[in-house]
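Work through the exercises below with the structure open. Try each task before reading its solution.

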Amino acid sequence: MSATAQAPAPNSGRMLEAAEVAEFLNLSLSAVYRLARSGALESHRHGQGSIRPRGLRFPESAVVEHLNRSRVRTVDLPATEVA
């Protein structure tokens, strides 16, 4: 994520373009489109675009939710002795 990119405000109702989502999640545009196509990331189509869905918009809340679902939680591991 670039220095100017900020996390979306939860529940703001704002719709993000695929490029904004890609920058925020540090993914390629193709990966964002794959997430949308698979249903893993909620999206809405605005306008036409049968070959490349340039008209896709993503609710900020869906992006934050996706990020929270993909969070890896650390597990408390026993301390190991260093020899």
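Predicted model: local features only at pLDDT ≥ 70, side-chain atom pairs only at ≥ 80, totals over all residues.

**Exercise 1.** Find which residues of helix 1 are buried, and determine how they are arranged around the helix axis.

Solution. 
- Take helix 1 as residues 18–25.
- Pick out its buried residues: Ala18, Val21, Ala22, Phe24 and Leu25.
- Look down the axis: the buried residues fall within an arc of 165 degrees, so they line one face of helix 1.
- Now ask what covers them. The cover includes strand 1 (15–17), helix 2 (29–38), strand 3 (56–59) and helix 3 (60–69).
- Step just past the end of helix 1. There Asn26 has a positive phi of about 55 degrees.

**Exercise 2.** Classify the packing of helix 1 against helix 3 and describe the contact.

Solution. 
- Start with the axes of helix 1 and helix 3: they come within 11 Å and cross at roughly 30 degrees.
- Apply the cut-off: angles under 35 degrees count as roughly parallel. Helix 1 and helix 3 are therefore roughly parallel to each other.
- Assign the hand: the crossing of the two helices is right-handed.
- List the contact residues. Helix 1 supplies Val21, Phe24 and Leu25, and helix 3 supplies Val63, His66 and Leu67.
- Sort the residues of this contact: five are nonpolar, one is polar and none is charged.

**Exercise 3.** Decide whether His66 is buried or exposed, and name what it touches.

Solution. 
- Locate His66: it sits in helix 3.
- Read its relative accessible area, 13%. Buried means under 20%, so His66 is buried.
- Leave out residues up to four places away in sequence. His66 then touches Leu25, Leu35, Ala40 and Leu41.

Conventions:
Residues numbered from 1 in each chain as written. Heavy atoms only, no water. Buried < 20%, exposed > 50% of the residue type's maximum accessible area, 1.4 Å probe, protein only. Helix = DSSP H or I, 4+ residues; strand = E, 2+ residues; numbered from the N terminus. Arc of directions from axis to C-beta. Contact = heavy atoms within 4.5 Å. Axes fitted to C-alpha atoms, helices over the stretch in contact; angles between N-to-C directions. Parallel < 35°, antiparallel > 145°, perpendicular 65-115°, else oblique. Left-handed = near helix turned anticlockwise from the far one by under 90°. Nonpolar A, V, L, I, M, F, W, Y, C, P; charged D, E, K, R; others polar.
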